[in-house]
Amino acid sequence: MSDEKDKDLNGTEHGEENESNDAETLAEKKTRAVAEAKAKAAELKKKREEEKVVKAGQAEEETQEDAKARAAAEAKARAAELRKKREEEKLAEADEQIESKEDAKARAAAEAKARAAELRKKREAEKSVGSDTVDDTATAKAKAAAAAKAKAEALKKKKEREQAVESVVGDDKASAKAKAAAAAKAKAEALRKKKEREQAAESESGDDAASAKAKAAAAAKAKAEALRKKKEKAAQAGSDDDADDAKAKAAAAAKAKAAALANKRAKEQAGGGATDDEKAKAIAAAKAKAKAAAAARAKGSKTEEAEEEKPSPNQPLLNKYVKVIKEHLGEEVLEDFYINKLAKHVPTLVAKPETFYKLAEFLKRNEQLAFDFLSELHGSDFETHMEVYLYLYSFQNRQPVSLKVKIDRDEPSVDSVTPLWEGANWPEREAYDLLGITFKGHPNLTRIMMPDDWVGHPLRKDYEQYDVEV
Amino acid sequence: MIRTEEMLLNVGPQHPSTHGVFRIVLKIDGEQIVEATPVIGYLHRGTEKLAEDLQYTQIIPYTDRMDYLAAMTNNYVICHAVETMMDLEVPERAEYLRVLVMELGRIASHLVWFGTYLLDIGAMSPFLYAFREREVIINLLNEISGGRLTFNYMRVGGVKWDAPEGWIDKVRDFVPYMREQLAGYHDLVTGNEIFLARVKGIGKYTKEEALAYSLSGANLRCTGVKWDLRKDEPYSIYDRFDFDIPAREEGDAWSRYQCRMAEIEEALKIIEQAVEQFPDEGKIMAKVPRIIKPPAGETYVRIESPRGEIGCYIASKGKKEPYRLKFRRPSFYNLQILPKLLKGENISNLIAILGGVDIVLGEVDG
């Protein structure tokens with residue numbers, strides 16, 4: 001009612017204006033005012049409603065147009081404009097809807113995950129678990145299933161880790177004993193590992209059957225399978241790590257920690273399921289993702305602990321290298337050997353300058369080691385000595401090693417390894433150019449970065465730029 | 001009797017097809033290349049020397065200028081090296097952002113290669129299409145980092161900026177768009193007979209040669225070595241994504257083309273998954289001391305850049321500046337095989353072979 005009043009007011013106002021400006025008839029003024037008012041009303045309506053209303057408005061406008069040409073023309077134009085705008089908006093909306101339908105799965109999964117994550121954070125903050133979000137029976141069921149699954153997962157992990165710990169103890173004792181037993185140890189270890197792996201596979205498959213029973217859709221299942229495989233790998237890698245742990249205590253602590261983590265995960269998973277819609281797919285996707293996160297976490301925490309505890313996962317590798325080298329080249333070739341904990345535990349060998357080439361050649365040509373790829377070669381000036389650093393990789397064994405040689409700083413010179421790896425050509429030239437290290441036997445030892453007439457070697461710590469004018 | 005004489009031909013350093021300042025001294029007999037001697041160093045800026053007087057955070061912008069077509073991976077490698085030394089754990093959200101920007105950068109880099117390589121061998125239009133799509137990526141990266149090519153985006157312990165409002169959705173929308181365009185590229189180029197005639201069997205080498213010459217990236221994978229550090233030595237959170245390592249057996253320019261195009265597709269897969277798993281909230285920086293001092297010792301890490309294996313060696317004495325910093329620059333290593341590939345080739349294949357290696361001179365010269 002008040003709308004009508006407003007319209008009238010507006011109408012009279014407009015009418016007065018028009019009267020003063022041009023001489024139109026009263027009837028025309030009135031009709032025009034009404035038309036305008038109507039158009040405005042239609043606009044308002046359209047704002048609230050959608051296309052249908054727009055259409056209705058349009059129809060009305062059209063009839064008005066037939067009756068009162070000039071006045072309605074304006075209104076119609078305005079309405080048309082508005083309609084266009086609306087239609088565009090609607091179209092855009094529709095597009096979005098279609099799009100969202102297309103990847104509804106992905107979105108749903110993402111949403112589910114997001115919700116799970118949100119809940120997890122909330123939980124962690126409040127430390128009150130699970131009690132507040134028990135809803136209908138369907139979600140409760142899902143929650144129970146998730147919890148059971150997670151529990152099974154945790155148990156399996158625990159088992160695996162226990163096995164790993166066992167192997168740690170055995171391994172440690174063996175290594176404490178004489179070196180002569182090393183070969184036997186390796187064999188035994190290999191066997192044990194094999195067994196472990198088989199067992200792991202068995203328990204894996206058992207879990208698989210259990211999960212097959214779960215409601216998860218086929219797609220989600222496949223995903224979970226892939227994840228599990230990945231996890232299995234991770235677990236194996238983890239057990240390798242553990243095999244070298246000296247302190248069973250520490251391992252036990254790690255185990256407990258991981259178990260706690262898994263437990264926590266399980267609860268969180270359950271929580272995530274509880275808030276979800278009843279859509280089984282979404283739940284399954286969320287589960288799979290939470291699992292992935294848990295696996296990633298577990299892996300992360302494991303490697304961390306391995307780093308805290310002294311013996312490195314690559315210690316057996318280093319032992320193997322050193323053993324093979326000493327067997328073939330004698331005791332004197334190596335100046336030093338250690339695990340470089342700061343460089344992802346890469347086994348590091350330090351050669352003597354006179355045996356450097358022999359050792360490098362052995363590392364490449366020996367069938368057991370087969371370091372066929374030179375990843376990096378460079379020199380450094382350590383003021384007390386010069387150093388050439390090589391990072392080698394064996395594609396056959398998928399193992400890295402870094403090889404270093406310390407050489408005299410005043411007359412730095414060492415054998416070139418270009419006969420072994422052609423890829424060493426330019427890096428050696430670079431080391432010569434910037435540090436002045438001479439590589440004996442290099443095919444073309446010239447400057448590569450600096451101009452040919454440059455004086456001095458810039459990366460040396462005592463370098464001072466040569467200036468003609470001084 | 002026609003008497004032939006060897007002639008010395010200088011290509012570059014100012015030559016458009018070298019994509020920078022790269023010079024090759026060619027000894028030619030008629031149209032046959034007898035010997036090719038690459039001359040580099042025109043863009044040497046002494047990054048490693050400069051870094052010895054800089055704090056770790058200050059070095060990051062210098063890394064942008066090495067491989068300026070994929071600066072995000074350079075950013076990452078030095079951060080990763082310092083994080084490895086300090087045993088830092090990077091927040092999950094930061095890791096996802098890093099993966100997203102690195103993979104976007106990988107696509108952008110491959111697009112530049114695709115466009116310019118075809119331009120090199122005579123096809124004009126693919127260049128325009130490739131740069132159109134690249135512009136979308138550059139805009140995305142600009143939005144998150146404030147830079148189009150030199151991002152200076154990552155920090156030790158995380159990233160500098162969080163994703164702006166709606167950025168993740170834009171990245172999500174980019175994936176189907178790029179897929180569509182990629183299909184267009186294949187229609188336009190991949191089956192083209194002229195293109196095939198220019199690249200098939202050109203610049204061929206074997207797996208053994210590739211390994212001996214320390215080649216990496218697509219240059220190695222084109223010989224059948226399935227090797228990708230993202231998969232084989234997973235860093236960051238790459239072990240959470242499902243993707244393939246495209247590899248071919250032939251070892252020629254054609255197989256390198258196929259590898260790189262397939263890598264775009266794989267990078268899209270990773271982006272798709274990363275967007276889906278992207279955490280809604282969380283920190284983007286770990287707790288890091290204001291002045292970063294890694295423990296005394298040395299480290300070497302390597303990651304997969306679009307051009308191959310990029311590594312970073314740091315020798316630290318526990319100070320705020322590195323004692324010695326060294327980058328293993330993939331283009332520098334990959335380029336070494338060029339004289340071998342050019343020997344005996346027809347001079348018309350020179351550019352097709354050089355382009356196929358995919359070098360960035362900023363990285364070659366360091």
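Start with the contacts inside chain A. Contact means heavy atoms within 4.5 Å. Take the contacts in chain A with a separation of 6 or more: 61% of them are between residues 24 or more positions apart. Chain A has 13 helices and seven strands. Those are DSSP runs, H or I of at least four residues for helices, E of at least two for strands, numbered from the N terminus. Of the 470 residues in chain A, 42% are buried. Buried is under 20% relative accessible area, exposed over 50%, partly exposed in between, with a 1.4 Å probe and protein chains only.

Now the ground rules. This is a predicted model, where local features need pLDDT of at least 70, side-chain atom pairs count only at pLDDT 80 or more, and totals for chains, interfaces and linings use all residues. Residues are numbered from 1 along each chain as its sequence is written, chains are lettered from A and ligands numbered from 1 in the order in which they are written, and side-chain values use heavy atoms, with hydrogens and water left out.

Confidence next. The model scores ipTM 0.92 and pTM 0.64. pLDDT is the predictor's confidence in each residue, from 0 to 100. Chain B averages 92, and 100% of its residues score at least 70.

On to the interface. 57 residues of chain A are in contact with 58 residues of chain B. Together the two chains bury about 4800 Å², and 51% of that is on carbon and sulfur atoms. Buried area here is the accessible area, 1.4 Å probe, that two parts lose on being put together, summed over both.

The rule finds five salt bridges across the interface of chain A and chain B. A salt bridge is a side-chain nitrogen of Lys or Arg within 4 Å of a carboxyl oxygen of Asp or Glu. Glu52(B) forms a salt bridge with Lys461(A), closest N and O atoms 3.1 Å apart.

Where does chain A's side come from? Several elements each supply at least two residues, among them α5, α8, α10 and α13. The largest share, nine residues, comes from β3(A).

Look at α13(A). Nine of its eleven residues are buried, so this helix is largely enclosed by the rest of the structure. The buried ones include Trp426(A), Arg429(A) and Leu434(A). Gly436(A) follows α13(A), with a positive phi near 80 degrees.

Two residues of chain B to finish. Lys226(B) lies in the loop between α9 (218–221) and α10 (229–232). Its side chain reaches the backbone oxygen of Ile245(B) at 2.9 Å. Beyond neighbours within four places in sequence, Lys226(B) is in contact with Arg398(A), Asp232(B), Ile245(B) and Ala247(B). Lys226(B) and Asp244(B) are 18 residues apart in sequence, and 9.4 Å apart in space, C-alpha to C-alpha.

Then Ser255(B), in helix α11, residues 253–277. Is Ser255(B) buried or exposed? Buried, because its relative accessibility is 0%. With neighbours within four places left aside, Ser255(B) is in contact with Cys222(B), Arg248(B) and Glu250(B).

Terms used:
A polar contact is a pair of N or O atoms within 3.5 Å; within protein, one must be able to donate a hydrogen and the other to accept it, and residues adjacent in sequence count only if both atoms are side-chain atoms.
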